[in-house]
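Here is a short report on one protein chain. Keep the structure open beside the text as you read.

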Amino acid sequence: MKRSIPELQHSDAPLVMVTAYDYPGGRHAEAAGVDLILVGDSLGNVVLGYDSTAPVTLGDMIHHARAVRRGAPGTFMVVDLPFGTYHTGVQDAMRSAVRVIQETGADAIKMEGATPEILQVVQTLTRNGIPVMGHVGLMPQTATAQGGLRVQGKDDGTARATLDGAVALEAAGAFSVVLEAIPARLANLISERLSVPTIGIGAGVGCDGQVLVTHDLLGVYEGEDKKIARRYAEVGRLSREAIETYAAEVRARAFPTKENSFVMKDDVLGKLY
Ligand code: KIV
């Protein structure tokens, strides 16, 4: 059964969140009993083949989130607001979030950052009944400004900014905060300071929950190992091998066989001759 925000916030066990981008992804995640599904804008990298999340549009997110929802009607679903859809003012952010909630059936939206502008957006959305998950540490949408896709919070400046940002997001009304690619000890400190759950990716075991990009945990891309993830399957290799076997059997006329073919009565065929 779908977990409510208070249930998620008072979970005794670490929260389990995975990303999903389509109907089968939603079905698998729900069948596995995860606590939350994130329709992440990592969609851009792992599904749409972009080299960053920047080109992902609100339309892309809505299209994919609707499919996830059809596969996972009973799981708490968070949808990322993509780059540019909440940066041009509170009204625009509100419009983007309302579209996501209305058109996808999402339970919450997620946005990156904790600048004064973003905090104002978080406050407005949550006051208007739209649950918001925050996101600090490495923020892929604005990674260029952070000096690339690199660990944050190792130096005084970024450690302080990450801690203050997480605290400010909770104060603005976020029901949970993602901590991405920060040292485990900083994540522990933030998790102690916040009363809302932290969900880590590359932030150590001390967070209140963990999230992984499903394509990373499934091993969809052969030879792409990431420090922050663990491959629990080799779906990429299995997919390639299955297609290779199919291709070999087609070329050898070993597929299809009689079992895969439909029969026809002699007299019906005879008339055609
Ligand atoms: O887009 C995404 O998948 C994310 C997770 C990495 C937290 O934001």
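Strand S1 gives the most to the lining of the largest pocket: four residues. This strand spans residues 15-19. The model is predicted.

How much space lies in the largest pocket? The volume is about 1,200 Å³. The pocket is lined by 49 residues. Which of them are the closest to its centre? They are Glu-180, Ile-201, Asp-216, Lys-226 and Ile-228.

Now step back to the whole chain. The protein chain has 11 helices and eight strands. Its C-alpha atoms fill a box of roughly 80 × 35 × 35 Å along the principal axes. The chain holds 273 residues, and 43% of them count as buried.

Contacts come next. Take those with a separation of 6 or more: 56% of them join residues 24 or more positions apart.

The surface follows. The accessible surface of the protein chain comes to about 14,700 Å². Carbon and sulfur atoms account for 55% of that area.

Last, the charges. The protein chain carries 26 positive and 32 negative charges.

Methods: Residues numbered from 1 in each chain as written. Predicted model: local features only at pLDDT ≥ 70, side-chain atom pairs only at ≥ 80, totals over all residues. Heavy atoms only, no water. Helix = DSSP H or I, 4+ residues; strand = E, 2+ residues; numbered from the N terminus. Buried < 20%, exposed > 50% of the residue type's maximum accessible area, 1.4 Å probe, protein only. Contact = heavy atoms within 4.5 Å. Areas by Shrake-Rupley, 256 points an atom, 1.4 Å probe, with all protein chains shown as cover. Lys, Arg positive; Asp, Glu negative; His and termini not counted. Charge placed at Lys NZ, Arg CZ, Asp CG, Glu CD. 1 Å grid on protein atoms, 1.4 Å probe; cavity = no way out; pocket = protein on both sides within 12 Å on 5 of 7 lines; lining within 4 Å. Points joined across faces, edges and corners; volume = space filled by probe spheres on them.
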